[in-house]
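Here is a short briefing to read alongside the model.

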Amino acid sequence: MSERTVATTSDCCPSDCGAPAHGDAVRESFESIYTHWHPQVLRWAGRRCVDAQDAEDVAQQVFADVWRYSSRYCSCRGEIGAWIYGITAHKAADASAAIARRYEGLRRLIRSPVAANPDVGAGAVERVHMASSLSKLPDRKREVLFLAYYLDLTQLEIARLIDLPLGTVKSHTRRGLGALACLLDERG
């Protein structure tokens with residue numbers, strides 16, 4: 001399908017732009033737009049979302065908005081792909097922000113004095129030793145290990161969540177585990 005075949009109502013276009021003044025071509029050709037653009041929208045969303053399920057959710061929201069707001073598309077302002085990309089970027093940013101808000105409380109807990117104090121809420125001796133040792137790690141390493149081992153996030157998910165390069169997350173994980181092993185060995 002040619003991107004230029006999609007035009008919309010003339011209410012959003014200047015009279016001299018050449019867009020037809022009849023019907024809503026986006027809705028009329030929605031099936032072909034969806035078929036053509038869905039794989040690309042998934043790729044775009046996948047680059048910005050924490051996991052594949054979030055990317056799929058974003059893609060569904062994108063096409064719901066393409067349908068719902070089809071009258072807002074104006075071919076005079078650019079190709080339909082650019083319009084769809086803009087919707088995707090906004091929806092993916094919203095999804096990422098929602099995940100960040102969800103984990104912000106946990107991030108504050110990780111960095112709080114409570115997380116550094118093994119006596120607060122520790123029931124088992126092993127947990128006390130672990131919490132005490134974790135509290136001695138630098139904030140970033142402690143945060144990465146917490147997200148990986150307590151929340152069971154992958155390194156890629158952690159990188160996206162706390163906005164660090166994947167290599168940095170891998171380094172923090174490796175170095176954090178090494179430092180934690182040394183601290184636990186000292187306690188014997």
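This is a predicted model: local features need pLDDT of at least 70, side-chain atom pairs count only at pLDDT 80 or more; totals for chains, interfaces and linings use all residues.

Residues are numbered from 1 along each chain as its sequence is written, and side-chain values use heavy atoms, with hydrogens and water left out.

**Overall fold**

- The protein chain has 9 helices and 0 strands, where helices (H or I, at least four residues) and strands (E, at least two) are DSSP runs numbered from the N terminus.
- Read from the N terminus, the order of elements is α-α-α-α-α-α-α-α-α.
- Of the chain's 188 residues, 38% count as buried; buried means under 20% relative accessible area, exposed means over 50%, and partly exposed lies in between, using a 1.4 Å probe and protein chains only.
- Among contacts in the protein chain with a separation of 6 or more, 62% come from residues 24 or more positions apart, a contact being heavy atoms within 4.5 Å.

**Packing of α2 and α3**

- Helix α2 (residues 30-48) packs against α3 at an angle of about 140°, and their axes are 9 Å apart. Axes are lines fitted to C-alpha atoms, for helices over the stretch in contact, and angles run from 0 to 180 degrees between N-to-C directions.

**Packing of α7 and α8**

- The axes of helix α7 (residues 139-149) and helix α8 (residues 155-162) come within 10 Å and cross at roughly 130°.
- The two helices are therefore oblique to each other, given that angles under 35 degrees count as roughly parallel, over 145 as roughly antiparallel, 65 to 115 as roughly perpendicular and the rest as oblique.
- This is also a right-handed crossing, with α7 passing α8.
- Arg140, Glu143, Val144, Leu147 and Ala148 of α7 make the contact with Ile158, Leu161 and Ile162 of α8.
- The residues of the α7 contact with α8 comprise 6 nonpolar, no polar and 2 charged.

**Salt bridges**

- The structure holds 4 salt bridges, each being a side-chain nitrogen of Lys or Arg within 4 Å of a carboxyl oxygen of Asp or Glu.
- One of them joins the side chains of Lys91 and Asp65 (3.0 Å, N to O). This pair links distant parts of the chain, with Lys91 in helix α4 (residues 80-111) and Asp65 in helix α3 (residues 52-68), 26 residues apart.
- Asp65 is buried, at a relative accessible area of 10%.
- Another salt bridge pairs Asp139 with Arg142, whose closest N and O atoms are 2.9 Å apart. Being 3 residues apart in helix α7, the two are separated by about one helical turn.
- Asp139 is partly exposed at 39% relative accessibility, whereas Arg142 is buried at 7%.
- Arg140 and Glu143 also meet through their side chains in a salt bridge (3.0 Å, N to O), and both lie in helix α7, 3 residues apart.
- Arg140 is partly exposed at 29% relative accessibility, while Glu143 is buried at 0%.
- Salt bridges with shared partners join Asp65, Arg68 and Lys91 into one network.

**Helix α8 and the residue after it**

- The buried residues of α8 are Glu157, Ile158, Ala159, Leu161 and Ile162.
- Ala159 has a relative accessibility of 5%. Not counting residues up to four places away in sequence, Ala159 touches Leu164, Pro165, Leu166 and Val169.
- Ala159 and Val144 are 15 residues apart in sequence and 8.9 Å apart in space, C-alpha to C-alpha.
- Just after α8, Asp163 takes a positive phi of about 55°. Most residues other than glycine have a negative phi.
- Asp163 lies in the loop between α8 and α9 (166-187) and is exposed, with a relative accessible area of 68%.

Technical notes:
A crossing is left-handed if the near helix is turned anticlockwise from the far one by less than a right angle, and right-handed if clockwise. Ala, Val, Leu, Ile, Met, Phe, Trp, Tyr, Cys and Pro count as nonpolar, Asp, Glu, Lys and Arg as charged, and the others, Gly among them, as polar.
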